[in-house]
Amino acid sequence: MKRANPMRQRLAALGLLGVPLLTYPLLSLPQGEIAGIPAPYLYLFGMWILLIVLAAVVAERRGK
Amino acid sequence: MLSPGFVLFLSAAYLGLLFAVARFGDARADAGKSIISANVYALSLAVYCTSWTFYGSVGRATSGGLSFLTIYIGPTLMLLCVGVIIKMIRISKAQRVTSIADFIASRYGKSQLLAGLVTVIAVIGVVPYIALQLKAVSASLQTLFQTSGGEFLPGMIDSTFIIAALLALFTILFGTRHLDATERHEGMVAAIAFESVVKLAAFLAVGVFVTYGMFGGLSDLFQRAAAAPELARLLQMDSSRAGTWTALILLSGLAIIFLPRQFQIIVVENVDEAHLKRAVWLFPLYLVAINIFVLPLALGGLLHFQGQDFNPDTFVLTLPLARGAESLALLVFIGGLSAATGMVIVETIALSTMVCNDLVMPWLLRARWLGVGERKDLSGVLLGIRRAAIILILLLGYIYFRAAGEAYALVGIGLISFAAVAQFAPAMFGGMYWKQGTRAGAVAGLLGGFAVWTYTLLLPSFAKSGWIANGFVEQGLWGIHALKAQALFGLSGLDEISHSLWWSLLANIGLYVLVSLYSKPDAVEAGQAERFVDIFRHGARDTDARLWRGTASVDELVSLLERFLGPFRARQQLAAYAAAQGTSDWHALPADAGFVRFAEAQLSGAIGSASARVMVASVAREEDLGLEEVLDILDEATQVRAYSRELESKSRELEAATADLRQANERLRELDRMKDDFISTVTHELRTPLTSIRALSEMLHDDPKMDLVDRKRFLGIIVNEAERLTRLINQILDMAKLESGRAEWTTAEVDLGEVARETMESLGQLFREKGVTLEGEIPEKGPVVLADRDRLTQVMINLLSNAVKFVPGETGLVQVRVMANASEVRVEVADNGPGLTVEECNVIFEKFRQGGNTMTNKPQGTGLGLPISRQIVEYFGGNLWVESRPGAGAKFIFTVPLPASEE
């Protein structure tokens, strides 16, 4: 039996992690503003970019 | 000043440039040097961002704040499930799937009904979306001219119609250059990737212009918006819309893979699975980039046009125009045109393939049996049908645009399309992961979901446009409140999209699962289910050939291929297949199951799996295998695979066992050799005393007159030699016992000091006779070890008698020391004899090896004493060794571990 591909599993795990991070109720946490920028705007884009960066690290790492 | 002529010229020039890019891509692909890299693939995925993104997102942000982001977060999360997408790609490549309709039809037994149903849903669902693109282009043209005061096109000529016609021409040139069995269009993909860059650059340019040129940067913009009460709410999240938020993420996540154009780009146009690794993060990054200025643009527009009449969907154009930045406005227009054309081209190509293969061909084929078109070469007809389909689809889009016109906001239409293609999800996912899913289930699910979608979303949108009475929305069908289209069974509090998604998916999944569980698949379905679900295991396609049985003729199949692919391409493919089979001439190929499979696969690429199956069946007489037999073959295949895996692991075990055996054999042979050596040495050792005994006895026997003194001397020697013989035999037996582990040991507490003293005393006479001094340095009492007293005494005697043998008479000195540390007792027997070389230090512990030169000196011992002593000491867990240098005496040392302390 072929072993499941670890890269695919890591990416899928990231996707599953993204679901609670980018939906309610966690989304209602950031309120007000930070340095003149609304906190929800910062939170959404920050979390989104973080997920993408992590995905890039996982996907582009040279497999051994 | 922007004149209409100039703008149209610019648009045409831009389309020309796109076409050049596409031709370049095609030329490179034909030359075998594909320009589709991982980056190009990732960028081409951005065909997802249509003019709805380009213009509509800003409009949506003016009313819903950040909620437009859900449309882009969903795809990000969906793409991370790379395994699902890779599975889709693998299946499509193995089954020659060229569209999503083909995928679903192929999975459920190559069903024409299902293929047609999916096509109809896709066309109905997506045509409004195409209309939306036309509307966006038309609206952007109007904005450009209104604001700059230019004249609109003269007379009756409708600019949107011209654009639609241009797009149709363009798509025909792009997508139907020739018939390709894989339906791959590398030139088109290259052009789409190019467009993605253009629209991103244009959007970022206008974003930076508005944020930093018209306002003082992001925080200034946000500060001013926060100050206006009606804008402040756009900046914060609205928890009451949590359900909508999640529903939209789900919806867009499904759309990214099930929209016909996305399926085309992600699955059909994929050249290399490895490209997904780049797309999985680069495409989401693109989405972030194109969205980062959406909210600032919306706020900027609202602030700038406060109190005026404005359309938020065109903010990206009106804002730069308001500042007189005409060239930027032109760039934005080109960006919007990119977004619209990219979507329209890919979508119509995908839809035209579906319409041609899954709607027109089946009908045409049936009609052909009635005598229509016994044409030699149908490939031209196929291309013609596709071109007609492209024109028809764009015409439908145009008509819808004309009819719906201003009826409904841009965003509404996009989401309605998303909800339509979301109906494919149960049949797709079920088909990929659930073997029990049947055709009946898929048909029921799709029909149910589509019906609910139509009733809760499509018809109400018609009602909003005023085309039909809106009674079923307001009061419910036939006045029944439970049937109110947007509050079905009283479910209210949701927006219309979530409401429709919830009910349609419930109906879809429910029917799919329920009907699947209560229906039986036929043989073809069961085979396809196996191939789809276990695609990763069916890599070698070993069962394919066995699932077909019947008779066919090569000539008939070849003429079939020539009719649909054209003679040239058909011969190309045949030659390639023959080469793969190891023959140079395809005429010589046998018409076996493999060849039939090949022909069907080629036809599938051209006319879809369902039609291909019908065509092949028309020339090949296939025996019906029946469900039971198919399942048997599949089971058998699974079992064979299991057996072969088992066999593999067994053979690995066997190899390991063989290696072990070989090692053991080596060891045995070594032991055997040692035994031989031992026996020859022993016989030699035994013969020496025997020889002298025999010689002397013979002399005594032969010479009765020998005088008494000699006789007595000879007898003395005989007695000595006999004693030595006895000792030797005893020690050999002892050694054999020790080595075989059969020796008897009695373990008790032994005072080692006492043993040493006793041994010294008993051997004292021997030392005194030779005049050798024997000194002891032994504690009064102890140390006590657990050992066999007699055996330890044997060791001591051995060491002492060895020592006395080698020290010189009169000046000889032998010292015995017994001491103990925490863990062991150490006994030293030191002499001042001639000492040993380093080599001898090792050798003397081997059997029958003695100190001194045995060739010249008379042996003084048996050569077994030290090996036996070492065996004994090691049995009790200690060590026996010698420290010595030539001329400096020898020190024999042995240790015995102390018993573990009780505490």
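Q: Which residues make the nonpolar surface patch of about 530 Å²?
A: In this predicted model, the patch is made by B:Ile509, B:Val513, B:Leu514, B:Leu517 and B:Tyr518.

Q: Ok, and where is B:Val513 found?
A: B:Val513 is found in helix H23 of chain B, and B:Val513 counts as partly exposed because its relative accessibility is 33%, which lies between the cut-offs of 20% and 50%.

Q: What about B:Ser519, is that buried or exposed?
A: B:Ser519 counts as buried, because its relative accessibility is 18% and buried means under 20%; this residue is found in the loop between helix H23 (496-517) and helix H24 (523-533) of chain B.

Q: What is B:Ser519 in contact with?
A: Leaving aside neighbours within four places in sequence, B:Ser519 is in contact with B:Gln436, B:Thr438 and B:Ala440, and its side chain makes a polar contact of 2.7 Å with the side chain of B:Thr438.

Q: Switching topic, how many salt bridges are there over all chains?
A: The count comes to 18 salt bridges over all chains, and one of them joins B:Asp534 and B:Lys435, whose closest N and O atoms are 2.9 Å apart.

Q: Where do B:Asp534 and B:Lys435 sit?
A: B:Asp534 is in the loop between H24 and strand S1 (550-551), while B:Lys435 is in the loop between helix H20 (424-433) and helix H21 (439-464), so this pair links distant parts of chain B that are 99 residues apart.

Q: And which of the two is buried?
A: B:Asp534 counts as buried at 9% relative accessibility, whereas B:Lys435 is partly exposed, with a relative accessible area of 38%.

Definitions and conventions:
Residues are numbered from 1 along each chain as its sequence is written. Chains are lettered from A and ligands numbered from 1 in the order in which they are written. This is a predicted model: local features need pLDDT of at least 70, side-chain atom pairs count only at pLDDT 80 or more; totals for chains, interfaces and linings use all residues. Side-chain values use heavy atoms; hydrogens and water are left out. Helices (H or I, at least four residues) and strands (E, at least two) are DSSP runs, numbered from the N terminus. Buried means under 20% relative accessible area, exposed over 50%, partly exposed in between (1.4 Å probe, protein chains only). A polar contact is a pair of N or O atoms within 3.5 Å; within protein, one must be able to donate a hydrogen and the other to accept it, and residues adjacent in sequence count only if both atoms are side-chain atoms. Contact means heavy atoms within 4.5 Å. Patches are made of residues with over 30% relative accessible area and no salt bridge: like charges are joined within 9 Å, nonpolar side chains (Val, Leu, Ile, Met, Phe, Trp, Tyr) within 5 Å. Accessible areas come from the Shrake-Rupley method with a 1.4 Å probe; for residues, only the protein chains shown count as cover. A salt bridge is a side-chain nitrogen of Lys or Arg within 4 Å of a carboxyl oxygen of Asp or Glu.
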